[in-house]
Amino acid sequence: MDTSSSLLLFSFFFFIIIVIFKKINGLRSSPATKKKLNDHHVISHSHGPKYPQGSLGWPVIGETIEFISSAYSDHPESFMDKRRVMYGRVFKSHIFGTATIVSTDAEVNRAVLQSDSTAFVPFYPKTVRELMGKSSILLINGSLHRRFHGLVGSFLKSPLLKAQIVRDMHKFLSESMDLWSEDQPVLLQDVSKTVAFKVLAKALISVEKGEELEELKKEFENFISGLMSLPINFPGTQLHRSLQAKKNMVKQVERIIEGKIRRAENREEDGTVIAKDVVDVLLKDSSEYLTHNLIANNMIDMMIPGHDSVPVLITLAVKFLSDSPAALDLLTEENMKLKSLKELTGEPLYWNDYLSLPFTQKVITETLRMGNVIIGVMRKAMKDVEIKGYVIPKGWCFLAYLRSVHLDKLYYESPYKFNPWRWQERDMNTSSFSPFGGGQRLCPGLDLARLEASIFLHHLVTRFRWIAEEDTIINFPTVHMKNKLPIWIKRI
């Protein structure tokens, strides 16, 4: 079947999906809100705040089909680029069943992401909301979110956990790399995903090996398959299977929690015991709202970023380095010097050794900019909000499309060129660079993502030389390599 026929069938199929989605969820802006935005197509006052221009597209399906067809292309931001020329950097659209204000403006994005819950709250499709549950850290607001985010963030940034990550990455990478063969390709995406999941499972709930880990991983794969499924829940559907998988995982984590509590009571442990994982940190908190069930559910939700973001970051870094010999040579030289120094002094590698490698960090930063592991962040306006002269109407979805900002020539010279050297003089703390979101919901594991990627690259370039097969980056529904990035290795 040719591409045009496939796209036509997909478009028709997606039309049916959206119709069902609309009937079930009613995720459509109210007639009053829609009329307000249509009546104020350009500006509300001659010199006052303006309502974003744009189009709501076709009835029911809006502009979703064009958005998806662009997302699957080699230039996913073409949907945004076309409308940016027509309407400006902030415009209105209608995608995935809801009226949406789309922003490719760095300052507007930062302002929205830094807003509190009185102005904007997280927004996800119904399927994701059902799978996460009302008590998910991804959805909750207010004091409970701040408490949970603060406890988890502090632990994930702690030197104690970073030292554990170094030991675990070394162990898991050695176990994997020792088995690599020079006679067949290594699927780098699969390797990085397996290692990252093991590291994450241990950091969250101290599950490290054996049947317990395999059971957790199997159920998690079933669970995550439902994130982009139809919002229909009855036996036989993917959403139903995913919800059942999450129930099984929650039970497994609750058993782990119960075991921790029993062991603590038997040892008559006091509050000075050092937390070994995120569950330990949360169990130590005296808040009545942090129930065992809430903790267990959120441990599953927190596996999602680690399952995708870290492995994709690692895989894309290897992909870009494979296509940039000069950058690969410099990164290899830097890491070989560190390895030689440590062998000479007889000292082990510490977490700050990896993060202090200047060019390696520039490579990771440039990979985050070009790869766009998180292409965008969605919020819902709780009231009419004016930002930089634009009015975002109450009840509308807001999409901060980070990819367009990261690939905008206004902010970056030759934005589609992989150039780690651009970060020699450039500050990362700007509104034009936000690979992990921002504000109160800034990803708490961003430091660990950098650390894991640094460790992986160090082990790879100090043990092997490789040639990567041609492969294509797929950007929708999640970023990944089409063929899992096969590489042919040769041991040093």
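This is a predicted model: local features need pLDDT of at least 70, side-chain atom pairs count only at pLDDT 80 or more; totals for chains, interfaces and linings use all residues.

I begin with strands S1 and S2, which pair in the antiparallel sense over 6 bridges. Helices (H or I, at least four residues) and strands (E, at least two) are DSSP runs, numbered from the N terminus, and two strands pair if DSSP finds at least two bridges between them. Residues are numbered from 1 along each chain as its sequence is written, and side-chain values use heavy atoms, with hydrogens and water left out.

Across the pair, valine 90 stands opposite serine 103 in S2. S1 and S2 form a hairpin with 2 residues between them. In the turn, phenylalanine 96 has a positive phi of about 55°.

Is S1 buried or exposed? Buried means under 20% relative accessible area, exposed over 50%, and partly exposed in between, with a 1.4 Å probe and protein chains only. Of the 6 residues of S1, 6 are buried, so the strand is largely enclosed by the rest of the structure. Val90, Lys92 and His94 point one way from S1, and Phe91, Ser93 and Ile95 point the other way.

Five strands form an open sheet in the order S1-S2-S8-S5-S3, and the pairing is mixed. Its edge strands are S1 (90–95) and S3 (120–122), each pairing on one side only. From one strand to the next, the twist averages 35°. Axes here are lines fitted to C-alpha atoms, for helices over the stretch in contact, and angles run from 0 to 180 degrees between N-to-C directions.

Within this sheet, S5 (residues 376–381) and S8 (residues 397–401) run antiparallel and are joined by 5 bridges. Arginine 379 stands opposite phenylalanine 398 in S8.

Two helices pack on this sheet. Helix H4 (residues 78–87) touches S1, S2 (98–103) and S8, and its direction makes about 130° with that of S1. Helix H5 (residues 106–113) touches S1, S2, S3, S5 and S8, and its direction makes about 125° with that of S8. Contact means heavy atoms within 4.5 Å.

Which residues of H4 are buried? They are Phe79, Met80, Arg83, Arg84 and Tyr87. Seen down the axis of H4, these buried residues fall within an arc of 125°, so they line one face of the helix; the arc is that of the directions from the helix axis to the C-beta atoms. Their cover includes helix H3 (64–71), S1, S2, S8 and helix H18 (402–406). Just after H4, glycine 88 takes a positive phi of about 110°.

I turn next to a second sheet. This open sheet of 3 strands has the order S4-S12-S9, with antiparallel pairing. Its edge strands are S4 and S9, each pairing on one side only. S4 (residues 186–187) is joined to S12 (residues 486–491) by 2 bridges. Here valine 186 stands opposite isoleucine 487 in S12, and leucine 187 has proline 486 as its bridge partner. On the other pairing, 5 bridges join S9 (residues 464–468) to S12. The bridge partner of alanine 468 in S12 is isoleucine 487.

Some individual residues deserve mention. Histidine 145 lies in helix H7 (residues 142–156) and counts as buried at 4% relative accessibility. Not counting residues up to four places away in sequence, histidine 145 touches Ile137, Ile140, Gln440 and Arg441.

How many disulfides does a search of the whole structure find? The search finds 0, a disulfide being a pair of cysteine sulfur atoms within 2.5 Å. Cysteine 397 counts as buried at 1% relative accessibility, whereas cysteine 443 counts as partly exposed at 23%.

I close with the protein chain as a whole. Its secondary structure comes to 19 helices and 12 strands, and buried residues make up 50% of its 492 residues. Among contacts between residues at least 6 apart in sequence, 72% join residues at least 24 apart. The chain exposes about 22900 Å², of which carbon and sulfur atoms supply 56%; accessible areas come from the Shrake-Rupley method with a 1.4 Å probe, and for residues only the protein chains shown count as cover.
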